[in-house]
Amino acid sequence: MDDLPADWVQAIEVSFLGRLPERSWRLLFDRAHQIDAPPKTVLYPETEQVRTAHLVLVLDGLVRVYRTSRSGREVTLRYARRGDILGLPSVVAEVSPAAAQAVIPTRVVAMSAEAMRSRAQRDSQLAWAMAEEMAGSLFNIQERLAHNVFAPVRSRVARYLLDVATPVGGDLVAAASYEDIAGAIGTVREVVARTLSALRDEGLTRRADPGIVLADLDGLRAAAQADEFRDFRRR
């Protein structure tokens, strides 16, 4: 790993690849390249073209994975941070029905999906690790969908703030507009405004120039909880 940048190595070590011997993944980075993406940059688009796959390792920042309807509405499937590898389903299916977009300034490593596919077909340890990672992502997406359908708006807003918050100075800040939140959780701006006002009154959040400061993390975590679901995610 000596010839890889130190921040690449750190992200690899916290990814699912970090659980494997270096020989299982080393060739995946031979032709990899880094992308420095400003906010709103689409890292890869939705495509149904056969034999199209995208594969990126998140170095830092925040990435949103989403689908777009024919009318142009978007639904967020998951968020990804350092060490997450996005695009694994497209390695197997050879299409990419979901897109990925940088939420804040973000750096990713674009990897070779073809190399990942070829290596996994010969290395059962890598293939099983990929399967575990995809299963975990599937459970998280299912849980997010159920939460956004069944949980009260207060829980959905709190969950969103916790999902997207990033360190700014000594605070955790969610750089999001009312419209961003409403679109992500399936409600309208006015409802989000009332909910955020209530959270501020309770001392859970406060406004600042960068966005919404998470003032009481334990309180927000409690507000985000929804009792409707059992947690099947792997521990």
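Colleague: Does W8 count as buried or exposed?
Modeller: This is a predicted model, and the answer here is a computed one. The cut-off for a buried residue is under 20% relative accessible area. W8 comes out at 7% relative accessibility, and therefore counts as buried.

Colleague: How many aromatic pairs does the count come to?
Modeller: Ring centres must lie within 6.5 Å to pair. By this rule, the number of aromatic pairs is three.

Colleague: How many residues apart are W8 and F29?
Modeller: W8 is in helix α1, residues 6-14. F29 is in the loop between α2 and β1. The pair links distant parts of the chain, and the separation is 21 residues.

Colleague: What is the relative accessible area of F29?
Modeller: F29 is on the buried side of the 20% cut-off. Its relative accessible area is 3%.

Colleague: What class of pair do the rings of Y79 and Y160 make?
Modeller: The ring centres of Y79 and Y160 are 6.3 Å apart. Their planes stand at 75°, and the cut-off for this class is over 60 degrees. The pair is therefore edge-to-face.

Colleague: Which helix holds Y160?
Modeller: Y79 is in strand β5, residues 74-80, and Y160 is 81 residues away from Y79 in the chain. Both Y79 and Y160 are buried. The helix that holds Y160, residues 153-164, is α6.

Colleague: Which residue joins W8 and F29 in one aromatic cluster?
Modeller: W8 and F29 are themselves a tilted pair. The cluster has three members, W8, F29 and one further residue: W25.

Colleague: Which strands are the edges of the open sheet?
Modeller: The sheet has four strands in the order β2-β7-β4-β5, with antiparallel pairing. An edge strand pairs on one side only. The edge strands are β2 and β5.

Colleague: Which residue of β7 stands opposite V42?
Modeller: Strands β2 and β7 run antiparallel, joined by two bridges. The residue of β7 opposite V42 is Q101.

Colleague: What is the relative accessible area of V58?
Modeller: V58 is in strand β3, residues 56-60. Its contacts include A11, A80, L86 and V108. V58 is buried, because its relative accessible area is 0%.

Colleague: K40 and E94 both have a positive phi, so which value goes with E94?
Modeller: Most residues other than glycine have a negative phi. K40 is exposed at 55% relative accessible area, in the loop between β1 and β2, with phi near 75°. E94 is buried at 19%, in the loop between α3 and β7. Phi of E94 is near 65°.

Notes
Residues numbered from 1 in each chain as written. Predicted model: local features only at pLDDT ≥ 70, side-chain atom pairs only at ≥ 80, totals over all residues. Heavy atoms only, no water. Buried < 20%, exposed > 50% of the residue type's maximum accessible area, 1.4 Å probe, protein only. Contact = heavy atoms within 4.5 Å. Phe/Tyr/Trp six-rings, centres within 6.5 Å; stacked < 30°, edge-to-face > 60°. Pairing = 2+ DSSP bridges. Lists of a residue's contacts leave out its neighbours within four places in sequence.
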